[in-house]
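Have the structure open as you read.

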Amino acid sequence: MLRQFINRINGFYKKYPSFFYLYCVVFLLYFFQIITKIEITPLGYFSLYSQPMHPQTAYEQILPFNLKTNLPINIYESNGGAFLPLEILPTRLEILGNKKRDVEIENLRGKMGYSASSIEIKSQEAFKKWYYNYCISTNVKLPEFQYFELRKCYFKNGNLMSSEPLKIQYVD
Amino acid sequence: MWIKNIVFFKRLILGFIAFAMLWFQFSGLGLHHVWNAPFSFLSNDISYFLVYGLQLPKLVFYNFYTAMVFDVVLFGSVILAFVFSKNRAYTIFLGVFLLLYHILLNSKLGYHAHHLFGIHFALFPFYFKEKSYEPALYLSRFLICLTYFFAGFFKLIGKGWSLLSSFSEIYQNQHAATHFFYPNGLSIQFGSFLQNHLYIGWMLFVGAMFLQLSFVIGFFTQKWDKYLAFFIIAFHLSDWFLMNLGIFITMTIGSIVLFMSHFLSKNFLISK
């Protein structure tokens, strides 16, 4: 079987030498990714929730919040699949904004012509304003801006147990 | 004859891409929706460095209108590639714009999402001349099999399967907010069912893992490609229904590559 496999590779190399090298480059790229644990290829995609998840006291999600009614805003009424970016964006703000900044990396990024930081805002308020407008553009029903806030909500069995304002450590 | 089939499959893929692009625009995922998002996420990826190094984000995200022009050109290139499907140049043009869209969208979402890879894999064979079509399609299907196999492999080593209640918890977590907004919805009823029948959830998780692991077969033979294609569709449809992951279209396109590989394998030598 191994001999058959080697013969097939050999035959492939003779018939398509340039493709053979392309295959090698692609496989090296994948191998490089596994070794260095970087994200070039989609390896491991769909492996979300691979780890065992133990029973939780409550399940958290960052949502826009109506301070007038003291209730989260329904982002699932948005157009098509727009609820996904509406879920992702504040979560990414929390992750990137609370990640301690590496000044050396940021300087290097700046020298290479990129934005020095992953987040181009100076305050959490600026993100809130942008997110408010993005919600409007995706057809989410919102209160006036002064009653709008991003909050970390804790749910259990379909009930809102508690909520707290989203806190970003390294942006403000 | 098989060339005619290729044109049919190419148009099928391009039709799906056109639909996906329209759906993305409707879903607030056009670049003109996110052009001023406060992220400039680069991820650990050479393609981001290249795009940022060429200062393309500054050009595309200069204002709302430049981002809108990009979206229009992107959709226009899908139409051109569809109409002139025998001309490779339009397909390559589309491929480049799709890659740019993928990178620019991810950098503005602050998140390295991979689901658009399905489109890149599906379009890859069409960048080549007819004589190189066979190895290009083979590489494409191989990369699809690799993606799904590793997803299953990481599930296996992550040991999510070792806890009976794990999937029920994952389900509660995924639907925490939707259960609040839609207390009488089907998903909350299914969630309660899973809480009372933990082994059903466990079987769903393990079933998905084995479904993904079965893509290892694709490394050795093309004979099972049509089944693997059905597996992709089954996996993404259940992902949509169970996990509410609505943007499944772009990866599901990969199933067309496997159907194509199955139907055209008689003309190919690699599988023999």
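Predicted model: local features only at pLDDT ≥ 70, side-chain atom pairs only at ≥ 80, totals over all residues.

Residues are numbered from 1 along each chain as its sequence is written, while chains are lettered from A and ligands numbered from 1 in the order in which they are written.

**The chain**

Chain B holds 14 helices and zero strands (DSSP runs, H or I of at least four residues for helices and E of at least two for strands, numbered from the N terminus). Its radius of gyration, taken over C-alpha atoms, is 20 Å, close to the 19 Å from the globule rule (2.2 Å times the number of residues to the power 0.38), so chain B is as compact as a globular protein of 272 residues. The C-alpha trace of chain B spans about 55 × 55 × 35 Å along its principal axes. Of the 272 residues in chain B, 47% are buried (20 or more other C-beta atoms within 10 Å of the residue's own, with C-beta atoms placed from the backbone).

**A helix pair**

Helix 9 and helix 11 of chain B pack at an angle of about 155°, with axes 9 Å apart (axes are lines fitted to C-alpha atoms over the stretch in contact, and angles run from 0 to 180 degrees between N-to-C directions). Which residues make the contact? The table names them, with contact meaning C-beta atoms, placed from the backbone, within 7 Å.

| Helix of chain B | Contact residues |
|---|---|
| Helix 9 (residues 166–174) | B:Ser168, B:Tyr171, B:Gln172 |
| Helix 11 (residues 186–196) | B:Gly191, B:Leu194, B:Gln195 |

Methods. Contact = placed C-beta atoms within 7 Å. Buried ≥ 20, exposed ≤ 12 C-beta atoms within 10 Å, placed from the backbone.
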